[in-house]
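Hello,

Here is the structure I promised to pass on. My notes follow below it.

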Amino acid sequence: MFSLLAAAVGFYVSQIASAVAVQSLWSGSTVPTSADSSDPNSVNVGMRFHSAVPGQILGIRFYKGPRNTGTHVGALWSAAGKQLGAVTFTKETTTGWQVAMFATPVDITASTTYEASYLAPHGHYAHDDNYFKVAYQSGDLVANQMTSQQGNGIYTYAGTTARPVTASPQTSNYWVDVLFKPSSTGTSAPAPAVTSGSASASPSSSASASPSLSASASASKTSAPSSPSASSVPSSLVVTSSPGGYVKPGSVGYLGSTSALKVYEPGGAAPSGCGWQSFGLRCDQTNLTLDHVWIKGSFFWTGTGNLTISQSIVQGGTSDSWYAILGHPDTSGPLNSTIKVTDSTVGWLPGKTMPSGEDVAPIWSAYGNQAQIAIRDDLSGMPQGIDPTDNSIIQNNWIHGLAQTGTASTPTHLDGIFSQGGGNIVIDGNYVDAPVRSDTTAAIFIQDRGSSDTGISITDNYLNGGAFNLRNQTGINVDVENNTFANNVWGPVGDLTGYTGSYGTWAGNVDLTGAAVPKP
């Protein structure tokens, strides 16, 4: 049966993956901190979301723990409480992401709030507390930030499908998700019959009694990717690279099983020659290599030579530390030193808050004197995606989920890729997904504060977000080729007069409609 489900999912993927860009908020390799709330009561749990563009909701997903049993029913609701679709989950696996497709996709409008939910008839739903204190964005989808007027992480106790109307006091993520197809990819056909769900009749919307328990229980604060199950359709729907040459969300980072990783966490074991300090895991070796490790805390490297991290997970957030991976040599002068991170997931511990006002990236060189090589990484959870220095290679990464650590009056600097100085930089094949708002300078921002730089190439990237998608203040003859310029506030390119920045080769750059983006 399991192999038949995998084959069915594979058939569905083969029919649509090459033609459409189906999106979800979380990849199939993302798992909750807590897969079991221990609450045994029948409850509908969900989340509020919107999309930056119009499109269609193809189905509902949720993460299932081993005790989350019974018949699950997914539903989509308007903000006014109208049920727009419902579907019963079938052919479920014991645990992991489950998916059910609507018989007919549901049209949604851009920048309009909707609610996705599912019925857990025996409780034991997954959850992470304090998740929606900030918005979470992936592609065009945004899980809404909680506000005083409207919370997120919502629930209603009921024995049948009902709209979740009570906001979680802990802004909990109950790990409910959607499958979304932007309308720019064309009109969707009804989902094929070979899916992991079948449509249900519209259920009654009986009112629920006031809950005797909050649908958000206490949780620990770590989560990490694991290998996708056969029903993790969104992970399968993405391909390694698009026709435009950039990677797709969820297709890079650490995609293996967490059971294959050696776990290091505060107060516990450490790699040979390293030790846990109050500020994180400290390693002083020269030419240090770490492979298949899961570091549940900030990582501090004082050595020189080459730091190599591969097939791993690193999550910053130890005490008041502001970094995930920090190269901190004992000199600010020239060094022959490289920080190389490949096929890894680097970000911030869920539930941990970054220190206020910090303006840093998951991979960081304290003095900017270490080249950075980041290839096929999933980088998220901090104000910057990555800050390349001299001789850096930033290739085939998924950069997303930037976090604002400042205030409304003094916001921190958000950028997907932000070079603060350095030449001979390759930026190629990345999917950069920055917030579409004015406190984000750009998806890519080239700004050397002390001089100007040459030898910078920006090719085959997907550039979403920012006041502008690209800003170049001090790069000389920057080559920009075959990039897709997506959503922005004021335009695709926004360079200021009075700076030395200039462009060399400019070719093959298009917007989401396929129209050419002209050279500035």
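First, a term: buried means under 20% relative accessible area, exposed means over 50%, and partly exposed lies in between (1.4 Å probe, protein chains only). His-124 counts as buried, at 10% relative accessibility.

Now the basis. This is a predicted model, where local features need pLDDT of at least 70, side-chain atom pairs count only at pLDDT 80 or more, and totals for chains, interfaces and linings use all residues. Residues are numbered from 1 along each chain as its sequence is written, and side-chain values use heavy atoms, with hydrogens and water left out.

Overall picture. The protein has 520 residues, and 57% of them count as buried. It holds 2 helices and 41 strands. Both are DSSP runs, numbered from the N terminus: helices are H or I with at least four residues, strands are E with at least two. Take the contacts between residues at least 6 apart in sequence: 71% of these join residues at least 24 apart. Contact means heavy atoms within 4.5 Å. The protein exposes about 18900 Å², with 51% supplied by carbon and sulfur atoms. That area comes from the Shrake-Rupley method with a 1.4 Å probe.

Strands pair if DSSP finds at least two bridges between them. β2 (residues 55-64) is joined to β11 by 7 bridges. Ile-60 sits opposite Val-178 in β11.

The disulfide. A pair of cysteine sulfur atoms within 2.5 Å counts as one. The count is 1 disulfide. Cys-274 and Cys-283 form it, with sulfur atoms 2.0 Å apart. Both Cys-274 and Cys-283 are buried. The torsion about their S-S bond is about 115°, so the disulfide is right-handed.

Ser-111 is not a glycine, yet it has a positive phi of about 55°. Ser-111 lies in the loop between β5 and β6 (114-120). At 60% relative accessibility, Ser-111 counts as exposed. His-124, also a residue other than glycine, has a positive phi near 60°. His-124 is in the loop between β6 and β7 (136-138).

Best wishes
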